[in-house]
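Keep the structure open and follow along.

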Amino acid sequence: MARFKHEIELPRFRRARALGRGWRWRCSLWIFSFTMLLFICFSFFVTKFYFHGSLQGQVGKEFFMRGNLNGEQRKSDVYLADKANLPSQVKDVDGSTSMNAQQNRSELESSRPPKRKSRKNYGPCQIELTESIGDLLEPENYMDFTKFTLEYVAKEGKLSEDDSFVPKFGGHQALEEREASFHATDQTIHCGFVKGPAEHPSSGFDLDEQDKDYMSSCHVAVSSCIFGSSDFLRRPASKKIGTYSKKNVCFVMFLDELTLKTLSSEGQVPDDQGYIGLWRIVKVKNLPYTDMRRTGKVAKFLAHRLFPSASKMRLNADPLLIIEYFLWRKRSEYSISNHYDRHCVWEEVLQNKRLNKYNHTAIDEQFLFYQSDGLTKFNKSDMNSPLPSFVPEGSFIVRAHTPMSNLFSCLWFNEVDRFTSRDQLSFAYTFLKLKRMNPEKPFFLNMFKDCERRAVTKLFHHRAEVQQLHP
């Protein structure tokens with residue numbers, strides 16, 4: 001009986017021992033898994049902390065110093081910029097090397113681009129446009145601005161007997177000529193469209209005579225451009241433009257051959273009179289620059305050369321109401337918005353480098369030149385600052401064709417022609433130097449808020465795939 005009982009209880013004892021071993025094995029497995037999980041989390045945290053705390057600064061410095069060119073992914077033109085042919089040392093206008101420029105160079109090379117900011121949401125603000133064109137009234141003596149006569153260099157001869165002379169659209173402006181051009185006085189200045197001797201080919205931006213005649217007849221002009229098939233063709237918001245403006249305002253779109261072919265393949269073909277919607281299509285032959293961004297500055301800055309009887313703007317609302325609000329009401333001759341995020345040229349320089357928008361060495365040469373000629377940092381606490389910002393948002397310009405407005409446009413274009421095509425780097429320098437050299441001749445520039453620009457315009461992204469023309 002006892003033996004039978006022992007034989008019955010023995011399996012229970014063995015099962016208890018087996019359960020104990022299984023439980024200890026499971027506990028060990030759980031502890032091991034939990035330990036490994038903690039180790040993995042800790043390793044990931046340390047690695048991430050090390051990268052952001054140490055490595056990122058090295059990578060940023062490498063990009064900051066490198067001279068590679070990359071395309072810009074936003075807004076105006078998305079093209080690789082040509083490397084500027086500038087001297088290795090920055091010299092003042094009188095030819096002497098600036099010690100301050102050399103010191104600033106070392107400061108630039110030791111600095112690093114700012115960390116990427118979190119994307120902000122920017123929207124329009126309310127502006128009070130006049131309700132209808134019938135209520136418009138041009139202010140009395142509106143065009144009573146600084147008076148002087150500007151003429152433009154139309155042709156250049158050979159600078160020497162050297163056969164290597166090549167005509168340039170912007171001309172071959174010497175530093176002495178550049179310095180003198182900032183004086184608001186009767187003068188003949190370089191302002192694009194400079195031709196070479198008769199035996200040399202055109203310097204570029206060639207237009208048909210029929211198109212020239214049409215543009216010469218325009219009293220109010222809305223212009224834009226697409227070169228290198230970099231953008232889609234956006235038509236003006238027809239519902240927001242009155243019947244009178246549709247009949248009396250010139251809407252001109254400058255295109256090159258490549259863009260025309262691309263638009264035609266998409267079904268956008270000019271009609272028999274050369275229009276696509278409200279846009280009068282003007283074909284530009286022989287582009288003056290291989291850098292499409294720089295080519296676009298011709299239509300942007302030199303409107304007074306293209307439309308000698310008109311104003312210049314790029315907008316998405318009724319043009320006459322825009323003129324009343326930004327020019328007449330403000331009693332200004334040139335209106336442009338400030339940048340939505342940056343206000344100091346120092347910040348703009350670092351941003352251009354961080355995004356590789358242009359050759360870093362070329363940016364340094366331009367920036368150091370400007371510092372040696374008096375450019376200082378923007379001080380938002382300075383109540384006497386001549387501008388609310390030193391960095392513009394240059395996609396929207398409203399201007400009258402006054403002598404000072406035309407001179408400023410020529411000077412700004414010449415900086416883009418001489419240095420980099422990044423016009424936001426040269427805006428403040430050009431304006432401040434013009435103001436400094438003409439203390440008795442005011443230039444009425446209205447820099448308005450970016451949210452006001454957004455109330456009347458709309459910007460679009462470029463085509464994802466950019467095609468660049470080859471020289």
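In helix α6, which spans residues 257-265, four residues are buried: Thr259, Leu260, Thr262 and Leu263. Look down the axis of α6. The buried residues fall within an arc of 165 degrees, so they line one face of the helix. The general rule behind such a pattern is simple. An α-helix has 3.6 residues a turn, so residues three or four places apart point the same way.

The face turned away from the buried side carries Lys261 and Ser265, which are exposed. What covers the buried residues of α6? The cover includes the strands β3 (221-226), β4 (250-255) and β6. Past the helix comes Gly267. The phi of Gly267 is positive, near 90 degrees.

This model is predicted, so treat every value here as computed from it. The protein has 14 helices and 10 strands. Of its 471 residues, 48% are buried. Among contacts with a separation of 6 or more, 85% join residues 24 or more positions apart.

**Into the strand**

β6 runs over residues 279-283 and contains Ile281. Is Ile281 buried or exposed? Ile281 has a relative accessible area of 10%, under the 20% cut-off, so Ile281 is buried.

Which residues does Ile281 touch, beyond those up to four places away in sequence? They are Asp211, Met253, Leu255, Leu260, Pro270, Gly274 and Ile276. Leu260 is one of the buried residues of α6. Asp271 gives a sense of spacing here. Asp271 and Ile281 are 10 residues apart along the chain, and their C-alpha atoms are separated by 9.6 Å.

**A buried glutamine and a buried glutamate**

Move on to helix α13, residues 423-437, where Gln424 lies. Gln424 has a relative accessibility of 10%, so Gln424 counts as buried. Where does its side chain reach? The side chain of Gln424 comes to the backbone oxygen of Pro392 at 2.8 Å. Setting aside neighbours within four places in sequence, Gln424 is in contact with His339, Glu348, Phe390, Val391, Pro392, Glu393 and Gly394.

Follow the contact to Glu348. Glu348 sits in helix α10, residues 345-354. Its relative accessibility is 0%, so Glu348 counts as buried. Apart from neighbours within four places in sequence, Glu348 is in contact with Arg342, Val391, Gln424 and Leu425. Glu348 and Arg422 are 74 residues apart along the chain, with their C-alpha atoms separated by 9.7 Å.

**Two helix pairs**

Two packed helices are described by the angle between their axes and the distance between the axes. Start with α10 and α11, the latter at residues 360-372. They pack at an angle of about 170 degrees, with axes 10 Å apart. That angle is over 145 degrees, so α10 is roughly antiparallel to α11. From α10, the contact uses Val345, Trp346, Val349, Asn352 and Lys353. From α11 come His360, Ile363, Asp364, Phe367 and Gln371. By class, the contact of α10 with α11 has five nonpolar, three polar and two charged residues.

The next pair is α7 (residues 292-301) and α12 (residues 403-418). Their axes come within 10 Å and cross at roughly 180 degrees. That makes α7 roughly antiparallel to α12. Arg294, Lys297, Val298 and Phe301 in α7 meet Ser409, Trp412, Phe413, Val416 and Asp417 in α12. The contact of α7 with α12 divides into five nonpolar, one polar and three charged residues.

**Two loop residues with positive phi**

Finish in the loops. Most residues other than glycine have a negative phi. Phe205 has a positive phi, near 55 degrees. Phe205 is found in the loop between β2 (187-189) and α4 (209-216). With a relative accessible area of 3%, Phe205 is buried.

Arg331 also has a positive phi, near 50 degrees. Its loop lies between α9 (319-328) and β8 (334-338). With a relative accessible area of 40%, Arg331 is partly exposed.

Terms used. Residues numbered from 1 in each chain as written. Predicted model: local features only at pLDDT ≥ 70, side-chain atom pairs only at ≥ 80, totals over all residues. Heavy atoms only, no water. Buried < 20%, exposed > 50% of the residue type's maximum accessible area, 1.4 Å probe, protein only. Contact = heavy atoms within 4.5 Å. Arc of directions from axis to C-beta. Polar contact = N/O pair within 3.5 Å; in protein donor to acceptor, adjacent residues only side chain to side chain. Axes fitted to C-alpha atoms, helices over the stretch in contact; angles between N-to-C directions. Parallel < 35°, antiparallel > 145°, perpendicular 65-115°, else oblique. Nonpolar A, V, L, I, M, F, W, Y, C, P; charged D, E, K, R; others polar.
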